[in-house]
Amino acid sequence: MKIAYISLENPYSYNNGGIGTYTGMIAEAMAARNNEVHLITLGKADENYICSGVNVHCISDALLSKRLFYLEESFLIYERIKSIIESNHIDIVESPEWLAQGFFTVTEGNIPFVTRLHTPLFIIEEISKGQKIYRDSEEIKRYELLQAKRSNLLTAPCNSMRKWINDEWGIDSKVIYNPIDETQYDVCDGTENMVLFMGRLEYRKGITFLAESVRKLAMDIKNVKIVICGRDSIFKKESMQRRMMRECKDVIDRIQFISHASYAEKKKLYAKAKVVVLPSVWENQSYVCLEAMASGKTVIATNTGGFPDMIDNNESGYLVDAENSGQLYERMKEVLTGKIPKTGKNARRVIEEKFSTKVLVDDYIHLYETVL
């Protein structure tokens, strides 16, 4: 097969979030199975190169420098996407629904098209208590829906996402998990008495409830260290990092904020941590959770979104109620004081058996073949 992946997040350069991580993982896995894989993404300049068997086509992000309206930006990128697809005789295209990156491509209607659900904007804004993310949010939400409706196949990383989209959009999707190459991660028990949060500092990631729980934890366990790794965001006109610092001012000497970490730095943080906490109000399928489990970490997450698909409570990690800082505090304290067993080895086994690229790549190939 000749497969093209569209992702404005470039896994080989910059601006790499969950969409970029997923795209890099699946693209390399498909290339390793002798498919011709093309990644159409953004870069500092127009350029083409091969990385890990993937043909990378970068569109200069200078196209977006004037911050045009949404449709104008999307169409400028589409003109380049169309040229790349046609010149390489692509058989099938996959794109995230986020920002309707594939809307113009699927509307053209002359190539089989798969939309991957990462988390539509309407969900983000609903979880964020209606806070608008973009000035043209209503337009973006409309085109995300249209892209999904016009696709030959919709895939979702977790059952919660499938249900939400079915209820809201009336469209069914096929659940297939995000893959991870677990061989890139070494299993480590943790070299420091450290609690690690990794992810964007935003309301939907549970930062407000994390602040309450780690403050109490730091007051009870004097040698604990809390590391918060991720970019800041604004919620209700306030920096989430500044809010957390204010609420934890009496234990701030034991909280470290890291705004950005490279891939290698993230692996070092996983190695040091005794426990990784993911207190999201709702999460699709977190790559931080997959990475932490692959590193043999005990993960404490919420029983919402994709976490129940990933964690068997009390066996391969722990699930607490969303927005419940008391439960989160109790679980962190129990893990750090050894009152409940560590679950890292079980977590690694789950990754190897259920989420490994080696396990999932055949399922992706089968899905693409059904569309073709």
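Rings of Phe, Tyr and Trp (its six-membered ring) are paired here if their centres lie within 6.5 Å, and the planes of a pair count as stacked when under 30 degrees apart, as edge-to-face when over 60 and as tilted for the rest. The model is predicted, with local features needing pLDDT of at least 70 and side-chain atom pairs counting only at pLDDT 80 or more, while totals for chains, interfaces and linings use all residues. Residues are numbered from 1 along each chain as its sequence is written, and side-chain values use heavy atoms, leaving out hydrogens and water.

By this rule there are 16 aromatic pairs. One of them joins Phe-75 and Tyr-78, which are tilted, with 5.9 Å centre to centre and 45° between the planes. Both residues lie in helix H2 (residues 70-87), three residues apart, or about one turn of the helix; helices are DSSP runs of H or I with at least four residues, numbered from the N terminus. Tyr-78 counts as buried at 6% relative accessibility, whereas Phe-75, at 38%, counts as partly exposed, where buried means under 20% relative accessible area, exposed over 50% and partly exposed in between (1.4 Å probe, protein chains only). Phe-75 and Tyr-78 also belong to one aromatic cluster with Phe-103, Phe-104 and Tyr-143.

Another pair, Phe-122 and Trp-164, is edge-to-face, with 6.5 Å centre to centre and 80° between the planes. This pair links distant parts of the chain, since Phe-122 is in helix H4 (residues 121-127) and Trp-164 in helix H6 (residues 159-169), 42 residues apart. Phe-122 is buried, with a relative accessible area of 12%.

Note on methods. Helices (H or I, at least four residues) and strands (E, at least two) are DSSP runs, numbered from the N terminus.
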